[in-house]
Amino acid sequence: MRIEVAKRLQHTEEYYFSKKLREIDELNKQGFNVINLGIGSPDLPPHPSVIEALNYYASLPNTHAYQNYKGIPALRNAIAAWYKKFYDADINPETEVLPLIGSKEGIMHVCMTYLQEGDEVLIPNPGYPTYSAAVRLTGAEGVYYNLKEENKWLPDFEELGKQDLSNVKIMWINYPHMPTGAQASQTFFQELVSFARKHNILICHDNPYSFILTDQPSSLMSVDGAKDVAIELNSFSKSSNMAGWRVGMLIGNQERVNEILRFKSNMDSGMFLPLQMAAVKALALDKDWYADLNNIYRARRAKVYVLLDLLNCTYDINHVGMFVWAKIPQQYEDGYQLSDKILSESTVFITPGGIFGSAGNSYIRVSLCTSEEKLQEAIDRIKLI
Ligand SMILES: Cc1ncc(COP(=O)(O)O)c(C=O)c1O
């Protein structure tokens, strides 16, 4: 039978990592034991109290039904309290919170809620590939804004303001930024809110890395007026070690939350109650949880610096997040060439920066989701090249 995929999928390829993991699996089957420093999936477990809560609520007879589309009040309250405690942002738990089955799905919900053919969307280059994939699926057009090392990987509002922004409906933004690890100040967030108001653009801030290796977690939602012009996605995947659990959240004003719920409630039927109760536990953890996690990531990052020094790559020690972003030496054409060389000669996989957009072509990205021992092994293998 010949059946064509819908037009909306015709320019959408399988996700890079989905393909690459298959290639790595193939090498492992041949006995190569590849060390994968690619994907940002935490290898450490969630806090024991979180797992206990999941087990406990899953063992009850009355926790298995469909759930409220807006999440249970206990989770919405816990999210609002967490936003207050760590970000000093005031969020109404009744009306301004929408739990998500991972923040990645939130990116799609937001795009499907607001975009259609003829609309334009500002997308960071480099940036998380899901923004452009989700925008493309709606028929809208991505307009890339280049982030540059010399601008500390922040957008240049003056330059953006010179463009015709009349068809731009949404701007995707993400700080701490993935893949570079650059941070944005509160002053930058204030400028962003003014820019959005001036050009009537909905800012969609994707914020999964705010706790990883930062001194102080930051949120766009703690800036005055942000809720009028912006929404924020947040995630349990990185800061609570719950990537596979698929729990995230969207914060926005009541109107935005209701609009997005109009789409989302037609896609899924709420989140498993024991997961929501476990997420409540995760949000109740105090700052020591994040500090302990960061001690581990700091020690790993020191190893990654050694590995990158061996490759003659350069990096910024002030950057944060779950990855180290590094510029490759000039002898390589691009990050793909270096990544392929390391995979074939050392059986270590490192992500080429080009998968995050053309502005990442001269870079590679190393994940911190691997033990110090494994990182040492990767260093030893690379030393032999
Ligand atoms: C920038 C960025 N946004 C969103 C996500 C997705 O996170 P989640 O697991 O909450 O869907 C990732 C995951 O790697 C990410 O790097």
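Modeller: A polar contact is a pair of N or O atoms within 3.5 Å; within protein, one must be able to donate a hydrogen and the other to accept it, and residues adjacent in sequence count only if both atoms are side-chain atoms. This is a predicted model: local features need pLDDT of at least 70, side-chain atom pairs count only at pLDDT 80 or more, and totals for chains, interfaces and linings use all residues. Residues are numbered from 1 along each chain as its sequence is written, and side-chain values use heavy atoms, without hydrogens and water.

Colleague: OK, what does the side chain of D206 sit 2.5 Å from?

Modeller: A nitrogen atom of the ligand, reached by an N or O atom of D206. S235 has a polar side-chain atom 2.7 Å from a ligand oxygen. K104 uses a backbone N or O atom, 2.8 Å from an oxygen of the ligand.

Colleague: New topic. What order do the five strands take?

Modeller: β1-β11-β12-β10-β9, in an open sheet with mixed pairing. Strands are DSSP runs of E, at least two residues, and helices are H or I, at least four, numbered from the N terminus. Two strands pair if DSSP finds at least two bridges between them.

Colleague: How does β9 run against β10?

Modeller: Antiparallel, joined by two bridges. Y315 stands opposite A326 in β10.
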